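Morning, everyone. Please look at the sequence and the structure on the screen, and I'll walk you through some aromatic side chains.

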Amino acid sequence: PKVNTVGKLLATHIRTKVLPDGKKDTKVNPEPYMRFLLEEPNPYMTGQKLQERMAAQLAINKNAFALIVRDENGYPTGIYPVACTGAEALYDSAGTLFLRFSMPNGESYTFEYSDVIQLTEDVAMGTIFGQPIMPALAPLMEIVTTTDQGIISAIKNSSVIRWLLKFNTSQRPEDIKRAAEDFANSFLSIENGTGVAGVDAKAEAKQIEPHDYVPNAAKMEKTKARIYALFNTNEKIVNSNWTESEWAAYFEAEIEPVLLDMQNEFTRKLFSRRERAAGNRIIFDAG
């Protein structure tokens with residue numbers, strides 16, 4: 001839900017000027033190049049897909065990056081999401097900040113921070129990067145995986161043995177096997193409609209009651225609730241079963257901070273200070 005909602009935010013270039021009489025003159029998408037950049041940030045995706053990719057990275061890593069490509073005059077011509085496995089902050093002798101990205105193929109690339117759009121969450125422990133959620137999420141997912149494997153194993157085992165024939169005297173293995181097959185064919189077949197089974201004095205038939213292989217429901221609910229809490233969501237949001245007030249509360253708590261972060265980052269990275277002083281900014285509207 002978070003990724004889809006962030007993807008649906010409409011990016012718009014706004015230019016607001018204060019007229020001599022004190023009134024404000026606001027223009028929407030005054031520059032065609034910026035409108036096209038926001039609609040189609042690169043040849044491979046639309047603005048919606050760029051926003052979704054960044055929102056997905058942000059949800060898991062608490063960091064999301066996009067590289068701004070500029071022309072010879074410094075105007076942005078493309079925005080590309082950076083799907084890195086790691087990022088490192090570097091400074092040159094003049095104190096300029098760079099980010100070095102480690103990529104899945106083993107390559108690394110370094111870009112000036114002014115050319116990188118960065119979204120962050122959970123920034124209590126640092127000034128540049130947010131704290132990834134994986135260290136807290138991985139143990140909970142281990143519990144879920146172990147529970148699922150236990151259910152599968154229990155289902156398989158519970159369907160293997162339903163009856164036990166206990167012989168009162170020693171029997172050869174082949175005789176035990178034959179007696180078990182005869183019992184199954186005679187009394188467990190659906191064709192035997194009498195509902196009556198009988199064995200001689202040499203053996204005792206005992207039905208094996210299947211055990212409840214469903215784990216403690218309360219514990220499963222607690223684990224699920226902890227996972228939801230990590231993502232600041234709940235079951236109603238995930239299953240699209242919310243009321244208007246519930247969605248409004250979720251939007252205000254989880255989407256609006258991302259919306260504001262995107263507005264600030266896109267504005268300060270796509271426009272120079274002179275352009276921003278002239279009233280240029282990027283807004284993301286949820287309609």
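**Rings, charges and one histidine**

Start with Phe266. Its relative accessibility is 3%, so Phe266 counts as buried, the cut-off being under 20%. Keep in mind that this is a predicted model.

How many aromatic pairs are there? The count comes to seven, with ring centres within 6.5 Å as the rule. Let me take one of them. The ring centres of Trp247 and Tyr250 are 5.3 Å apart. Their planes meet at 45°. Stacked needs under 30 degrees and edge-to-face needs over 60.

Where do Trp247 and Tyr250 sit? Both are in helix H8, which covers residues 244-270. They are three residues apart, about one turn of the helix. Are they buried or exposed? Trp247 has 18% relative accessibility, so it counts as buried. Tyr250 is at 7%, and it counts as buried too.

Now back to Phe266. Phe266 forms an aromatic pair with Phe284. The centres are 5.1 Å apart, with 75° between the planes. This pair is edge-to-face. What does the pair link? It links distant parts of the chain. Phe266 is in helix H8, and Phe284 is in strand E11, residues 280-285. The two are 18 residues apart. Phe284 has a relative accessible area of 4%, so Phe284 is buried.

Which residues form one aromatic cluster here? They are Phe65, Phe101, Phe111 and Phe129.

Next, charges over rings. The charged end of Lys269 sits over the ring of Tyr113, 4.1 Å from the ring centre. The charged end of Arg35 sits over the ring of Phe36, and there the distance to the centre is 4.5 Å.

Last stop, His13. This residue is in strand E1, residues 10-18. Its relative accessible area is 1%, so His13 is buried. Which side chain makes a polar contact with that of His13? Asn280 does, at 2.8 Å. What else does His13 touch, leaving out residues up to four places away in sequence? Its contacts include Lys27, Val28, Asn29, Pro30 and Glu31. Met34 and Leu38 are also among them.

Conventions
Residues are numbered from 1 along each chain as its sequence is written. This is a predicted model: local features need pLDDT of at least 70, side-chain atom pairs count only at pLDDT 80 or more; totals for chains, interfaces and linings use all residues. Side-chain values use heavy atoms; hydrogens and water are left out. Rings of Phe, Tyr and Trp (its six-membered ring) pair if their centres lie within 6.5 Å; planes under 30 degrees apart count as stacked, over 60 as edge-to-face and the rest as tilted. Helices (H or I, at least four residues) and strands (E, at least two) are DSSP runs, numbered from the N terminus. Buried means under 20% relative accessible area, exposed over 50%, partly exposed in between (1.4 Å probe, protein chains only). A charge sits over a ring if NZ of Lys or CZ of Arg is within 6 Å of the ring centre and within 35 degrees of the ring normal. A polar contact is a pair of N or O atoms within 3.5 Å; within protein, one must be able to donate a hydrogen and the other to accept it, and residues adjacent in sequence count only if both atoms are side-chain atoms. Contact means heavy atoms within 4.5 Å.
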